[in-house]
Amino acid sequence: MSARSDETVDVGEIELLQAPELPMTSDAILKDLTHYFGRMLGRRTVRTRSPYLYQAVVFAARDRMMERWGKTRMAIERDDNRRVSYISLEFLMGRLLRNALLNLGIERETDEALNRIGLDLEDVYEREHDAGLGNGGLGRLAACFLDSCATLSLPVVGYGIRYRYGMFRQRVEDGHQVEEPDPWLREGFPWEIERYEYARTVKFGGRSRSYTDIDGKTHFEWIDTHDVLAIPFDIPIPGYRNDIVNTLRLWSAAATDEFDLDEFNAGSYTDAVASKNMAENITMVLYPNTATEEAHELRLRQQYFLVSASLQDALRYYTYHHGDDLSLFAEKNCLQLNDTHPAIAVPELMRLLIDEFDFDWDEAWAVTRKTMAYTNHTLLPEALETWPVSMFRRLLPRLLDIIYEINARFITEVGRRWPGDNERIQRMSLIQEGSEPTIRMSYLAIAGSFSVNGVAELHSRLLTEGLFRDFAELWPEKFNNKTNGVTQRRWLAACNPQLAELITARIGSKWITELTDLQQLKPFADDADFRKEWRAIKLANKERLARNIAQKTELDIPTSMLFDVQVKRIHEYKRQLLNVLHAIHLYDRIRRGEGDDIVPRAIIIGGKAAPGYMMAKNVVKCINNVARMINSDPEMNGRLRLVFYPDYNVSGMELICPAADLSEQISTAGKEASGTGNMKFMMNGAITIGTLDGANVEIREAVGEDNFFLFGLTVDEIHELRGQYDPQAIIAADEDFARVMQLMEGGHFSRFEPGVLNPVIQSIREPADPWMTAADFRSFVDAQASASKAYRDREHWTKMSVLNTASSGRFSTDRTMRDYNEDIWKLEPIQLKIK
């Protein structure tokens, strides 16, 4: 791998960076966006549904980021900063324009520029498509991390995949989820810059071989491979008003040869483009349905493609500045693996160091273990990826050789620590033996990393006491906790501008970068005038969301109702089903004339089920069937609504979280690693109803038990109940629960679709149900009754709401990133030379 073969000095770039910065005034912005609209895009008139005005505004903003982007890069190179490569299969960026203008400090100026030609910035925001490059919390967390790293001036580069089709669009048809492609790139993506000069070659297939040179040294080669080109597209990530712009680099797959001209000329058109299509499939779709062997293989190709391209790029950057001497590589680099998906980075870095840079094994392993850091995001064993050895042998034979060698040496280390403990060795082996041997990727990540962290205090404790106990006993110094957070710039300042204005008017604007300053709001919780303003803002946000729901579903939601919200990925452990059971309970009580003490409530559920996850799709069907009956019943008018919010995404959350009164965080205790939706809702003044799971524990500690509605079994109680859980007895002993089940089993919600809800019903009554939905029903119903009672006292509820926002300071990703940096990354902030 040559150090400088693909790098050149760009004199034009230097001249540009020495030129005066573009003005940030409304006059200058108007001049630039009209230039782009008319001269670059060739447009004369603005049409409502066209993307061109939005693109012109982006280009004007991007020009101002370009200057800062170049200066950031030059400062990092000048000071030879240690860098972090943050490798993630997901970056759920959502829309970028509002956040970019906020961070650049030109939102007001851009709005003024548009107003002068009779246009409105809010309309421009609506023209942007969500960059759906993630599935849920993992990808959104990665996006928040990048925002905070730039704001804290930390030299961090994000590496991901430029999926042509992001998370699918969700449509509801007869209550069923229907998936449609999300062609988010159809109208272009004006934020990105293609950097073809940094393209990398990624190998698949072939075979590995070794040979000995004349000096007796053994060398390894990966030959006869099918190669794919990884082309980078860079997206600027601006910090908050600090002139720092970091980079998110997304890789797109292409064939090394576009097509076979001989085949084409011979009339074999399909064969002529076969390699092109095979290559492009790698970055075609986010998370293909892995129900088939081909799709499962594609997922592995995606992971290796991302990791190999990113590691090659990190090595390219290093060797350009330091030459081929990699003795300082670990000192200058940290590779942070966001969950288990990029764990293949461990053997890939070994391959690159041994095969390309001629390291011996011990040297390469020392560098690898000083460079890799692994974040685990799940407590579900089935979510910890394993790959068949046979698939590795077919796709990645050289890496399989390396994994077997890592495992052999690792098992030897375990054997020295616990002599004769063959059972432990078998448990800890990176290779799970059997009729179809598999590679345990999380174990591989732990073995090859110097740091392993969980993402909430409870999650990290459960990792070391359960899932990774053996490894924590072997290497206790590796394990640590880094509680997640969210960026307050998007999730309060940008998405809830009226509340942000009110907060700033009382305590100043420092909270935008120091969220702990929100604690200064606590005295205002006792101020009646302040509470009145707070309620007015909440009402305005509820009206905005109600209009959006009416547009999407044709349902009218009175804003006087308690907005009870659960929006997140549809999964059994997140227990949307428990929420539906409560909705049926309220429905039953109102129908029987017992609803006088029930506060009018709109239960809003949103989320997507993975295409191959049939039980989750059954839950979506159940929600919609129950909603149809509730919403069509005249007795429920003004008293109860159940809404399934379709095609939930980042932009949807930006409308929902400012409007929520009650935040549903009701996962089975011990199953949610952290959660970040809980933090967004809290930050915007929603009160949480939840179990002692994930970051709920820390939220309750922060806000106090009087401002949190707790229910459900604890982790220890669930553990004790295993093997003797009897949902049949629980249902029979609870009259309310029995009536709910009678309605479901009697076909009340499936009159014209007999049996359609049977899988859901059976899961509730199943003694082996790992989520123990029935066990928490009564506790949940009682906690909901407490929430209803509290909501009747609007003054007290508003006080609780203010205190939730005021107590959310520790849940900023700014704090999370400081923790990562202090304990793991050890980065020096970027220092710009200000003229």
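A salt bridge is a side-chain nitrogen of Lys or Arg within 4 Å of a carboxyl oxygen of Asp or Glu. In the predicted model described here, the side chains of Arg 64 and Asp 32 meet in such a salt bridge, with an N to O distance of 2.8 Å. Arg 64 belongs to helix 3 (residues 52-79) and Asp 32 to helix 2 (residues 26-40), so this pair ties together parts that are 32 residues apart in sequence. Both partners fall under the 20% limit for buried residues: Arg 64 counts as buried because its relative accessibility is 0%, and Asp 32 counts as buried because its relative accessibility is 15%.

The overall organisation of the chain provides the setting for this pair. The protein chain contains 35 helices and 25 strands. For 835 residues, a compact globule would have a radius of gyration near 28 Å, and the value for the protein chain, 28 Å, agrees with this. Taken along the principal axes, the box filled by the C-alpha atoms is roughly 90 × 75 × 60 Å. Of the 835 residues, 60% are buried. Among contacts with a separation of 6 or more, 77% involve residues 24 or more positions apart.

Charged side chains comprise 100 positive and 125 negative groups, and the centres of the two sets lie 4 Å apart. Across the whole structure, a search finds 71 salt bridges. One of these joins the side chains of Arg 209 and Glu 221, at 2.6 Å from N to O. Arg 209 is located in strand 9 (residues 207-212) and Glu 221 in strand 10 (residues 218-223), so the pair ties together parts that are twelve residues apart in sequence. Arg 209 counts as partly exposed because its relative accessibility is 41%; Glu 221, at 25% relative accessibility, likewise counts as partly exposed.

A further salt bridge is formed by the side chains of Lys 621 and Glu 753, with an N to O distance of 2.8 Å. This pair links distant parts of the chain, 132 residues apart: Lys 621 lies in helix 25 (residues 614-632), and Glu 753 lies in the loop between helix 31 (735-745) and helix 32 (758-765). With a relative accessible area of 1%, Lys 621 is buried, whereas Glu 753 is partly exposed, with a relative accessible area of 22%.

Salt bridges also occur in a linked arrangement. Asp 588, Arg 592, Glu 594, Asp 734, Glu 735, Asp 736, Arg 739, Arg 778 and Asp 782 form a network connected by salt bridges.

Ser 442 is placed in helix 18 (residues 441-447). The residue is buried, with a relative accessible area of 3%. When neighbours within four places in sequence are left aside, the contacts of Ser 442 are Thr 340, Tyr 374, Leu 384, Glu 385 and Phe 468.

Notes:
Residues are numbered from 1 along each chain as its sequence is written. This is a predicted model: local features need pLDDT of at least 70, side-chain atom pairs count only at pLDDT 80 or more; totals for chains, interfaces and linings use all residues. Side-chain values use heavy atoms; hydrogens and water are left out. Helices (H or I, at least four residues) and strands (E, at least two) are DSSP runs, numbered from the N terminus. The radius of gyration is taken over C-alpha atoms; the globule rule is 2.2 Å times the number of residues to the power 0.38. Buried means under 20% relative accessible area, exposed over 50%, partly exposed in between (1.4 Å probe, protein chains only). Contact means heavy atoms within 4.5 Å. Lys and Arg count as positive and Asp and Glu as negative; His and the chain ends are not counted. The place of a charge is taken as NZ of Lys, CZ of Arg, CG of Asp or CD of Glu.
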